[in-house]
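Please look through the sequence and the model before reading on. The paragraphs below go from the overall fold to single residues.

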Amino acid sequence: MSNSPDILNNPNNPLYNLEENEIYSLKEAKELIELEKFSFVLFTLWDCVIVNLQRRIEFFGIKNLENILIESDQYNSQSSKLKERWLKINEYNLIDYAKKLGIINHVTHDLVTTLFWMKSEFNENNESKISKDELYSLIFLLEKNLFEKEFKIDKRDNQELKDRRKNEITGRRRDDKIESDNNISSTHQKLLIQSGVKLFEKNLNPNDKDDKLLSTYI
């Protein structure tokens, strides 16, 4: 598989309806692929996917989410920052919420769940590996089944959502941009640290495994 997914080459394409922090994550993913840091791409890709799902749920109508939240998860509707609004909601549960609301279908749900467990596996076992072709396959599937899909809106709450977005979206987007700018180097720092740990462990354990994660989970 020689051709890279279009979304990596042109994440600014209006077709994908991405915001700055999502675009940055995809650009970072492309750079990591070029550096052959394939396993680290799972983290940047996850950052992009989870923010995309959060935005889709907010666009659909947050009251719908609050009706299905389990007791341990709390959405902070008072915050102007995206990260703070979703801070107390488990990311794994978020995938199910998006499916229950009809924002994603079962195929997209399974793809995002696969990505979640793949990056979790890398957290727990640094010997796990993924190839460039496997990454491209996963990104192609997410591009088609998530990023190219239009944002859904709950027509029952349409007017209230329009009023809310009119009053808040400018301020929230500005705050989200500031937050993204402040955290823009955090992923790089995290990956560099993990890279050093992985190299150290590799020197201690020369018999690295060559697991194919995508083959394992799909």
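Helices and strands here are DSSP runs, numbered from the N terminus: a helix is H or I over at least four residues, and a strand is E over at least two. By that count the chain has eleven helices and zero strands. This is a predicted model, in which local features need pLDDT of at least 70 and side-chain atom pairs count only at pLDDT 80 or more, while totals for chains, interfaces and linings use all residues. Residues are numbered from 1 along each chain as its sequence is written, and side-chain values use heavy atoms, with hydrogens and water left out.

Confidence comes next. pLDDT is the predictor's confidence in each residue, on a scale from 0 to 100. The chain averages 81, and 67% of the residues score at least 70. Where pLDDT is low, the predicted coordinates should not be read in detail.

For burial, a residue is called buried under 20% relative accessible area, exposed over 50%, and partly exposed in between, using a 1.4 Å probe and protein chains only. Of the 218 residues in the chain, 44% are buried. Among contacts with a separation of 6 or more, 75% are between residues 24 or more positions apart.

Helix α3 (residues 38-60) has 23 residues. At 1.5 Å a residue, taken over one less than the number of residues, α3 should span 33 Å, and its end C-alpha atoms are 33 Å apart, which agrees. Of its 23 residues, 21 are buried. Just after α3, G61 takes a positive phi of about 130°.

Which side chains pair by charge? A salt bridge is a side-chain nitrogen of Lys or Arg within 4 Å of a carboxyl oxygen of Asp or Glu, and the structure holds three. R55 and E19 form one, at 3.6 Å from N to O. R55 lies in helix α3 and E19 in the loop between α1 and α2, so this pair ties together parts that are 36 residues apart in sequence. E22 and R55 form another, at 2.6 Å from N to O. Because E22 lies in helix α2 and R55 in α3, that pair ties together parts 33 residues apart in sequence. R55 is buried, with a relative accessible area of 10%, and E22 is buried at 0%. R85 also forms a salt bridge with E58, the closest N and O atoms being 2.7 Å apart. R85 lies in helix α5 (residues 82-85) and E58 in α3, so the pair ties together parts 27 residues apart in sequence. Both R85 and E58 are buried.

K119, in helix α7 (residues 106-124), is buried yet has no salt bridge. Its nearest side chain of opposite charge (Lys and Arg count as positive, Asp and Glu as negative; His and the chain ends are not counted) is E91, 4.5 Å away. Leaving aside neighbours within four places in sequence, K119 is in contact with L42, F43, W46 and E91.

Two loop residues remain. Most residues other than glycine have a negative phi. N17, in the loop between α1 (6-9) and α2 (20-34), has a positive phi near 50°, and N17 is partly exposed at 38% relative accessible area. E36, in the loop between α2 and α3, has a positive phi near 65°, and E36 is exposed at 59%.

Notes:
Contact = heavy atoms within 4.5 Å.
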